[in-house]
Structures are given as structure tokens and as C-alpha cells.
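Subject: The structure, and what turned up in it

Hi,

Here is the structure I promised to pass on.

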Amino acid sequence: MSKQERKSWRHKLNAWYWPIVAAVVTFLVAVEVMENVFGVKLGSLANLALYFGLYVVYAWIFSVLAGGKKERVAHPAEKWPTSGPIRYCGRYMLLFTFYPTVMLSVLNPFQFVQQMKQIFGQIKAAKYLREHEEENANYQTKMSYRLPFTGEWLVFNGGLTKETSHSWGVYPQRYAYDFVMADENYRRHQNQGARLHDYFCYNQPILAAADGEVVAVLDRVRPAPLVGFGIADFLCTHFAGNHVVIRHAEGEYGFYAHLIKGSIPVKVGEQVKQGQVIGHCGHTGHSSEPHLHFHLQNGPSFYSSMGLPIRFEGVGEITRGEKVAG
């Protein structure tokens, strides 16, 4: 891995994980001091305001230490309608609901452990990338992969470059995609978008992208609360929601996430065929709206594997903003 890549990884930690950890530690110390030294006990809203205020401060500090702002590349979604009733509060209101609730996940012991696994898994992936950077970037898959759905879907997030990837610094998810269904105006739901079944992609069958063996299944996570308001489920047991991991070939594992609870018909050890239904598109875990998260990685671990670039049958390389048909 190049010096620039190592620096990018440190920036990722500085910009995301460490501000959360620092804010939580400072918050707990501050609450303890106020109660036991000054006899002041804050209410729930004041506690939340204190925590988020600390996070903003630490995020700014770590951002400065990481080298300041970077040139921003506009996302096509900035021109698309915001989903759900929250759109009436303005385009950017989603930032004040989704990200703060993601921050609260550090208070969930399950998700806190997962975040720590992700941090230390980055170290393992970074070691691999250091020795295989060019090989990984130019990787050609052993299997032929179809899109993991039928019909026309929109690539909401993802691409094969640093500019188009929404998770470049998270090595297992470097080449991850988020897929939704949208109409000609890029609207992703009917009615108000306050119900799961309003969303065009919700409950759509998700298919195995290639033949393979199921190596991991999680199918117990409830839907994220208040769909249409951008609330991440910080109380659930896994931030990827219900998911399936399939070993498609040696060193090629497909990760299919945010599926509906109870919709996964496959079991660990089961052989699946390309195009076989492995679940239904849902809204579980850290999900801003119903969608499918899919990526290819070089190992079974969600935390320490390295993401692999993938091209799909019939469409080849895809990137955010494109509509693709499976």
C-alpha cells in the first residue's frame, strides 16, 4: 500500500471513528463530574445535545489534524428527490437524522464491538493492500457475475474509482454498491414514503450473482424505525442488517445486506445457483431507505477482507447515477 493510501486510512479513522470514541469518553467523564462534583444532573435532551456537541467539536479537531478539507465531487443524488416525509424539511435535513443516529450506535455494545472489529480489520486489510495494491485494483474475477436482481434498478452509490466510491476508505467495502428502484424522475417510492411497502425496491427478490456456497447468514434484525425519516437503527444487533455471504470462488465472496427479516431461505453450507433467490430487499441496520447493499470481497470476514472490483454480465462496469437492468 502506498504512503498516500496509508494516509487515507488514517484520515478515515480521524474523520469518523476516533471522534465518536473521544466524544463518548468525554461525555461519560463530563456527566460523572457534573453529577458527583457539582450535583447537576442533565435531562435526556441535554445529554443528547452535549454528546452531539462534543462530537462536532472532535470531528472538527480530527479533521484539522488529518489535513483539512478535500475537494468535493458532487454526487448525482443531489439532483434527485429526497425520500420520505423528511423531504418537507429540506434536502439536507437527512444529514441531521441519519448521521446522528449512526453516532449513537457506539452506545450499543453489539455495534460498538462491530465498529472495533472494523477498525482493527482495516489494519489487516491495509497489510494486504500494501503488497497487492496494483493487483487488487486490476483484479479480474474468476466467476461471471450477474446483477443480483431482475428489472431496472438505480445505482445510488458506488463505483470503481475513489471519486465514485462512497466507501473507498473502508477496505472491505471499497467497491460496494447501493441499489434502489426509481421512476423516471428518480423518485424511489409512491405515496408519502412513510411505509416500507411504498418503496419500489422493498420486498423485491435478491438473487445470487453467481453459483456458490453460503458461508454466513444473519436473519434476525427487525426493520429500521421510522422509514422516510432517515433514522439509522442504532439499537439493532448488526449495522449491516440481515445479510448473506456467499463464497462464489476461491477468494471471491459476495456480501448481500439490509435484507428483510425472515426472507432468507438459504442456510450456511447450502450450495446456490446463479439467479437463485437468497432473500428480499429490505430496510434493516444502518439504512437511510430500503435498498440492497452488495459488494465482492476476497475473504469471508465483513471486517478484515479486501473489497474487489466487479463487472457484471451484460452491463460491465457500473457507477453511481446509472440505471441498470438485471
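Below is what I found, starting with the overall layout and moving on to single residues.

A word on the ground rules: this is a predicted model, so I kept local features to pLDDT of at least 70 and side-chain atom pairs to pLDDT 80 or more, while totals for chains, interfaces and linings use all residues. Residues are numbered from 1 along each chain as its sequence is written, and side-chain values use heavy atoms, with hydrogens and water left out.

**Layout**

An unreviewed UniProt entry puts "transmembrane region" at residues 15-33, 45-67 and 88-107; positions are in the numbering used here, feature names are shortened, and annotations may be inferred rather than shown by experiment. In the model, residues 88-107 are 30% helix and 0% strand, with the end C-alpha atoms 30 Å apart. Helices here are DSSP runs of H or I of at least four residues, strands are E runs of at least two, and both are numbered from the N terminus.

**The cores**

For the cores, I looked for buried Ala, Val, Leu, Ile, Met, Phe, Trp, Tyr and Cys residues joined through side-chain atoms within 4.5 Å. Buried means under 20% relative accessible area, exposed is over 50%, and partly exposed is in between (1.4 Å probe, protein chains only). The largest nonpolar core has 35 residues, and Trp 153, Phe 179 and Leu 292 touch the most other members. Strands S1 (152-157), S2 (177-180), S5 (242-249), S6 (252-259) and S9 each give two or more residues to this core. S9 has the largest share, at three residues. A second, separate core has twelve residues, including Ile 20, Ala 23, Met 103 and Leu 104.

Contacts are heavy atoms within 4.5 Å, and the contact lists below do not count residues up to four places away in sequence. Leu 292 touches, among others, Phe 149, Trp 153, Tyr 177, Phe 179 and Tyr 256. Asn 242, in strand S5, is buried at 0% relative accessible area. Among the residues that Asn 242 touches are Leu 218, Arg 220, Tyr 256, His 258 and Thr 284.

**Aromatic rings**

How many aromatic pairs does a search of the whole structure find? The count is 13. Rings of Phe, Tyr and Trp (its six-membered ring) pair if their centres lie within 6.5 Å; planes under 30 degrees apart are stacked, over 60 edge-to-face, and the rest tilted. Phe 98 and Tyr 99 make an edge-to-face pair, 5.4 Å centre to centre with 80 degrees between the planes. Phe 98 is buried at 13%, whereas Tyr 99 is partly exposed at 38%.

Phe 294 and Phe 312 are a tilted pair, because their centres are 6.1 Å apart and their planes at 50 degrees. Phe 294 lies in strand S9 (residues 292-297) and Phe 312 in the loop between strand S10 (307-308) and strand S11 (323-325), so the pair ties together parts that are 18 residues apart in sequence. Phe 294 is buried at 0%, and Phe 312 is buried at 3%.

**Charges over rings**

My test was NZ of Lys or CZ of Arg within 6 Å of the ring centre and within 35 degrees of the ring normal. Arg 174 lies over the face of Trp 168, 3.9 Å from the ring centre. The charged end of Lys 323 sits over the ring of Tyr 186, 4.6 Å from its centre.

**Single residues to look at**

Tyr 186 is in the loop between S2 and strand S3 (205-207) and is partly exposed at 24%. Though not a glycine, Tyr 186 has a positive phi of about 65 degrees. His 258, also not a glycine, has a positive phi of about 70 degrees; His 258 lies in strand S6 and is buried at 6%.

Finally, Lys 267 is in the loop between S6 and strand S7 (271-272). Is Lys 267 buried or exposed? Lys 267 counts as exposed, at 56% relative accessibility, and touches Val 214 and Val 217.

Cheers
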